[in-house]
Each structure stands twice: as C-alpha cells, then as structure tokens.
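Here is a short walk through one structure. Keep the model in view and follow each stop in turn.

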Amino acid sequence: MLRKYIDIKLLKYLVIFYTIITVLLIFVQVYWKSVGALDNIGVPFVNYIYYNLILKWFSVLIFMVFISCLTKIMFEKNLDSRLIIAVHFLMSFAIQIFVFFTSITIISVTSNRNFLEFLPVFKREYMQYLGENVMIYFSMLGIIYVYYYLIRIKTIEQQKVKLETQLVHSKLNMLKAQLNPHFVFNTLNSISSLIDIDKEKSQDMITDFGDLFRDILDLGNKNLISLKQELDMLKKYIDIISIRFSDHLSFEEVIDNELEEALVPVMLLQPIIENSIKHGYSYNSTELSVILRIFKDSQYLHIEVQNDGQPLQQPFNDTIVTGMGIKNIEDRLKTLYKDNFSFKVENIKDNQGVKTSIMIPFGV
C-alpha cells in the first residue's frame, strides 16, 4: 500500500542530505579522538564510528522512507496542522528509539555479547544527542514538505496554464464561429447581386465558394495555420470576388518565399482584403488596386494590405466598432498574442489610399 507513496527522487534528496550530516559528524568524532576526548569509550574507535554513525545512517534512512510516505498521506489529506505537528514530534522521538534499539540489537548479535551491556552507554548517548537528533529530523522533514509544496505549486501552475489555454481556445472558437456566418453572408450577397447579371459567372462563384467553405470547415478547431494554407484560401476568395468586380479590381502579392511555414491566425487575411475592397470602392470609385505585402524582421511577421481607393472618413477606432470583420481580427489577435502585436488602419499621405498593417510574433 505504501509503494504508491514512495517517491524515489525525494528519497535521493534525503539520502544526500543525511549523508552530508553523517560525514560531518564523522569529522567531528575524528577531531575529538585526535584531542583525546574519546580515549575511554571502551570499544575500538573504528567500531565506535561504525556502530554510532554508519549503522545509524542506515537506520535513519530506512525510517525516513516510512516518514516520507506518512507525510505525503497527511499532506494530501490536508489534516489539521496541530495533529500533523504532534505526529511529527512523536516520530522524532520514535526514530531515535528505533535507531537506539536497532543499533544495540545488531551490536549484541555481531559481538556475541549481552544486549544489556550496551544499554547504559547508548542510553547516555540517546539523551546527550536528543536535541541534535530532533533538529536533524525536522530538517529532513523540511526537505520533504518543501518538495511536496513545490510539486503542488507546479501542478497548480500546470492546471492554470491548461485552463488559460482552454479559455483561449474557447474564445477563439467563439470568434471563428462569429466570423464564418459574417463571411458567408457577404459572399452570398455577392453571388445574389451577380445572378441577374451573369448566371454562368454566378454558378462559378458558387462552386468556388463551396470549395473555400469546405477548406474552412476542414480546419476544425485549429487557430493557427501556415501562411501557405492561409494564402491558398485567400486565393479562392480573390477568385470569387474578382468575378464580381470583373476587370475593375487588381490584386497583387509581394511575399517572401521562405515565409510559407510561418504561423498565422486562421482567416486573418480574408477579412482585411474584404475590408480594403469594400471601403476602397466607396464613393463611386470604379477602379481599385490592392497590394498584399508580407515580410519579416528578426522577431515579427509583418502583413500590409494597401489600396489606392478612397481614404478613411472616420478614425480607425470607430471603424473597429462598426466593422464586424475588423473587430473580430483585433479580438483574436488580443486573445492569441496579449499585447505583443500591432494592428492599425491608416490613410496614406496625399490621399493615395488606405494601408492596413499587422505585426505579430514570428513563429513556425
């Protein structure tokens, strides 16, 4: 039953600690022997060291296996602190009695002498080193409690991280669930506006939309995907939107090839491009050029979407409040990266269009 409570790593710490104590005590005894303080002990000095310290070392460590198991049981059951202190005080005396009688028994058996001959000597030493041995016991007990408290703290931290991760995933899944209907509605709206104009193109758009939405559903609960996967989905969206705007929309990509495996949030680019096209065509603009640039520096991945359409007519913060896709992007970036990201939409100087800039930690 006690086997499940035995911690080998903890026992190693106890062995190391008590071995150091024993070695120090041996040096002390050697010193007293050198100054003649142990000349009248009645047994050879080597035997005295063996019986008084080496044998004690084995006995104490055997007993501490039991103590470490008992401590773990009391620790896990969260017993009353007064009861725990009382138990350990009793154990601190019990361990000395255990060592005391174990030593006498082994010595009397190995030397073929009467058990009672050694009783006065060991009784005297028991009382002489009582305080010292109690302190050693509680020092070892301190190691045991520190060890179990560190394990508990580590477990709590791991549970905290796990809960935080679960909360992040839950929030991201909620935001993705919010984004998908928004995307579907806008795309179906585009298809609806095209049906009366060009039935064949609207059918092609429906096919492309089905392929794209299938890709989105296949991602499942993933929150980060490779840039290559994100760009593949974006291409299908651009194919859909290009049918609607025909030759009036120009789209260009400037992307470093080595960034294909960089990790980005799912459906990050599509809402940005959609927002750039939607607002770029405002105020009866008939031609629009959109450029997507992706590059990196030493730590961050930079994503820029620039159009040559109409400038923003209201501050970016107001745009976030009113724009579902843009607000969704900001919420997801905050959830994933805390404060370690940058997201802004700003007018380009001299009314040359609008630029959306995102900076996120670079990772693969």
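Is the crossing of α6 and α7 left-handed or right-handed? The crossing of these two helices is left-handed. Bear in mind that this is a predicted model.

Start with that pair. Helix α6 covers residues 199-218. Its axis lies 9 Å from that of α7, and the two pack at an angle of about 160 degrees. An angle over 145 degrees counts as roughly antiparallel, so α6 is roughly antiparallel to α7. Look at the residues that make the contact. From α6 they include Lys 201, Asp 204, Met 205, Asp 208 and Phe 209. From α7 they include Met 233, Lys 236, Tyr 237, Asp 239 and Ile 240. By class, this contact has 8 nonpolar and 8 charged residues, and no polar ones.

Now turn to the other partner of this story, α8. Helix α7 spans residues 227-245, and helix α8 spans residues 269-280. Their axes come within 9 Å and cross at roughly 30 degrees. Angles under 35 degrees count as roughly parallel, and α7 and α8 are therefore roughly parallel to each other. Here α7 passes α8 in a right-handed crossing. On the α7 side, the contact is made by residues including Leu 227, Leu 231, Leu 234 and Phe 245. On the α8 side, Leu 269, Gln 270, Ile 273, Glu 274 and Ile 277 take part. The residues of this contact divide into 10 nonpolar, 1 polar and 2 charged.

Next, the cores. In soluble globular proteins, nonpolar side chains tend to be buried together. The largest nonpolar core here has 48 residues. Ile 277, Ile 294, Leu 333 and Ile 358 touch the most other members. Helix α7 gives the most to this core, with 10 residues. A second, separate core has 29 residues, among them Leu 10, Val 99, Tyr 137 and Tyr 148.

Take Ile 294 for a closer look. Beyond its neighbours within four places in sequence, Ile 294 is in contact with residues including Leu 227, Leu 231, Leu 269 and Ile 303.

Finish at Thr 356, in strand β7, which runs over residues 354-361. Is Thr 356 buried or exposed? Its relative accessibility is 5%, so Thr 356 counts as buried. Not counting residues up to four places away in sequence, Thr 356 touches Ile 272, Ile 303, Glu 304, Val 305, Phe 343, Lys 344 and Val 345. Thr 356 and Ile 303 are 53 residues apart in sequence. In space they are 8.0 Å apart, C-alpha to C-alpha.

Terms used:
Residues are numbered from 1 along each chain as its sequence is written. This is a predicted model: local features need pLDDT of at least 70, side-chain atom pairs count only at pLDDT 80 or more; totals for chains, interfaces and linings use all residues. Side-chain values use heavy atoms; hydrogens and water are left out. Axes are lines fitted to C-alpha atoms, for helices over the stretch in contact, and angles run from 0 to 180 degrees between N-to-C directions. Helices (H or I, at least four residues) and strands (E, at least two) are DSSP runs, numbered from the N terminus. Angles under 35 degrees count as roughly parallel, over 145 as roughly antiparallel, 65 to 115 as roughly perpendicular and the rest as oblique. A crossing is left-handed if the near helix is turned anticlockwise from the far one by less than a right angle, and right-handed if clockwise. Contact means heavy atoms within 4.5 Å. Ala, Val, Leu, Ile, Met, Phe, Trp, Tyr, Cys and Pro count as nonpolar, Asp, Glu, Lys and Arg as charged, and the others, Gly among them, as polar. A nonpolar core is a set of buried Ala, Val, Leu, Ile, Met, Phe, Trp, Tyr and Cys residues joined through side-chain atoms within 4.5 Å. Buried means under 20% relative accessible area, exposed over 50%, partly exposed in between (1.4 Å probe, protein chains only).
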